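Reader: I'd like to walk through this model with you, one feature at a time. Where do we start?

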Amino acid sequence: LVCAAGVHPSIVTGERNVGKDPVALASGSNCPWVMYPCGDPDQGGMAEGPEYDADGSVYQALENKFPGKNRTYRMRKMA
């Protein structure tokens, strides 16, 4: 893969539901990502948490591996 895109990503929920670490998964990625998390990060429910934002743990894990090649854009009005 050259890159990957995640609209309404569920990396954190998916990994935690099976007892795994979402940051470890992101750290093992073989390509940069663009992510479009939805809703207020503190809202809960179907909104993605702050891990996908530029200062979040999942995004930072990707940035450590692919500096300046990842993107994130939060769509606050969608959830």
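Author: With burial. A residue counts as buried when its relative accessible area is under 20%, and as exposed when that value is over 50%, with partly exposed in between. Keep in mind that this is a predicted model. Now take Asn 70: its relative accessible area is 1%, so Asn 70 is buried.

Reader: Where does Asn 70 sit in the fold, and which residues does it touch?

Author: Asn 70 belongs to the loop between H3 and strand E3 (71–72). Setting aside residues up to four places away in sequence, Asn 70 touches Pro 32, Trp 33, Tyr 59, Leu 62 and Glu 63. With Glu 63 there is a side-chain to side-chain polar contact of 2.9 Å. A polar atom of the Asn 70 side chain also lies 3.0 Å from the backbone oxygen of Phe 66.

Reader: Trp 33 is on that list. Is Trp 33 buried, exposed or partly exposed?

Author: Use the cut-offs again. Its relative accessible area is 23%, so Trp 33 is partly exposed. You'll find Trp 33 in strand E2 (residues 33–36). Leaving out neighbours within four places in sequence, Trp 33 is in contact with Ala 4, Ala 5, Gly 6, Leu 62, Lys 69, Asn 70 and Arg 71. Trp 33 and Glu 63 are 30 residues apart in sequence, with 9.2 Å from C-alpha to C-alpha.

Reader: And what about Val 7: buried or exposed?

Author: The relative accessible area of Val 7 is 60%, so Val 7 is exposed. Val 7 lies in strand E1 (residues 4–7). Beyond its neighbours within four places in sequence, Val 7 is in contact with Tyr 36 and Met 75. Look at the Tyr 36 pairing: 29 residues apart along the chain, yet the C-alpha atoms are separated by 4.8 Å.

Reader: Let's go to the helices. How do I read the buried side of one?

Author: An α-helix has 3.6 residues a turn, so residues three or four places apart point the same way. In H3, the buried residues are Val 58, Tyr 59, Ala 61, Leu 62 and Glu 63. Among the elements covering them are H1, helix H2 (22–27), E2 and E3.

Reader: Which residues make up the largest nonpolar core?

Author: There are 9 residues in that core: Ile 11, Val 12, Ala 26, Met 35, Tyr 52, Val 58, Tyr 59, Ala 61 and Leu 62. Helix H1 (11–17) and helix H3 (57–65) each supply at least two of the residues. H3 gives the most, with 4 residues.

How values were computed
Residues numbered from 1 in each chain as written. Predicted model: local features only at pLDDT ≥ 70, side-chain atom pairs only at ≥ 80, totals over all residues. Heavy atoms only, no water. Core = buried A, V, L, I, M, F, W, Y, C linked by side-chain atoms within 4.5 Å. Buried < 20%, exposed > 50% of the residue type's maximum accessible area, 1.4 Å probe, protein only. Polar contact = N/O pair within 3.5 Å; in protein donor to acceptor, adjacent residues only side chain to side chain. Contact = heavy atoms within 4.5 Å.
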